[in-house]
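Walk through this fold with me. We start at one residue, move to another, then step back to the whole chain.

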Amino acid sequence: MVTKRNSLRLAAVAALGALFLGTAGTAMAAAPAATDPDPVAATAPAPVASAPVASVSAGITAKPSVTSVQTWQLFRVTGTTTGLEAGSTVTLQQKQHGTWVTLPASVHTTRNGSYSLGVKLGIKGLNELRIVSGNTASPVFTVTVR
């Protein structure tokens with residue numbers, strides 16, 4: 001027996017299903033084209049279930065506001081991320097005796113992947129630093145503490 005309530009549920013499920021299929025189709029259309037030299041294979045539509053999801057390699061940039069500071073003087077490290085979700089946590093690491101040590105300085109990225117992190121360092125001399133998020137790390141940069 002089909003009631004009015006059940007027919008509304010079916011309509012809602014159908015609408016959501018169409019929405020998800022439409023979204024999946026859009027994501028697939030944005031995927032890079034295959035580099036197969038065979039023109040027939042390149043024009044043949046791939047089945048949706050077996051189509052690979054395009055992965056973007058993650059990356060982080062980092063730039064300190066200064067290259068030299070006094071002990072415990074505040075400076076900023078700014079940068080952008082690519083391939084990471086908005087709101088991802090980025091953390092500062094410092095190389096100490098050949099090992100990367102995570103410092104208690106982290107911040108969440110903005111919607112567009114940028115971040116700005118306030119930093120104070122206490123180890124005098126040349127400090128090798130980087131910004132990390134998960135398995136992704138920025139290039140190493142240095143700040144001298146006088």
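Start at Thr91. Beyond its neighbours within four places in sequence, Thr91 is in contact (heavy atoms within 4.5 Å) with Thr102, Leu103, Ala105, Ser106, Arg130, Ile131 and Val132. Thr91 lies in strand β5, residues 89-96. Helices (H or I, at least four residues) and strands (E, at least two) are DSSP runs, numbered from the N terminus. Thr91 is buried, at a relative accessible area of 16%; buried means under 20%, exposed over 50%, and partly exposed in between (1.4 Å probe, protein chains only).

A note on provenance. This is a predicted model: local features need pLDDT of at least 70, side-chain atom pairs count only at pLDDT 80 or more, and totals for chains, interfaces and linings use all residues. Residues are numbered from 1 along each chain as its sequence is written, and side-chain values use heavy atoms, with hydrogens and water left out.

Now turn to Thr78. Thr78 sits in strand β4, residues 75-82. Thr78 is partly exposed, with a relative accessible area of 34%. Neighbours within four places aside, Thr78 touches Thr61, Ala62, Lys63, Tyr115 and Ser116. Tyr115 is 37 residues from Thr78 along the chain, yet their C-alpha atoms are separated by 5.7 Å.

Step back to the chain. It holds 2 helices and 10 strands. In sequence order the pattern is α-α-β-β-β-β-β-β-β-β-β-β. Of its 146 residues, 23% count as buried. Among contacts between residues at least 6 apart in sequence, 55% join residues at least 24 apart.
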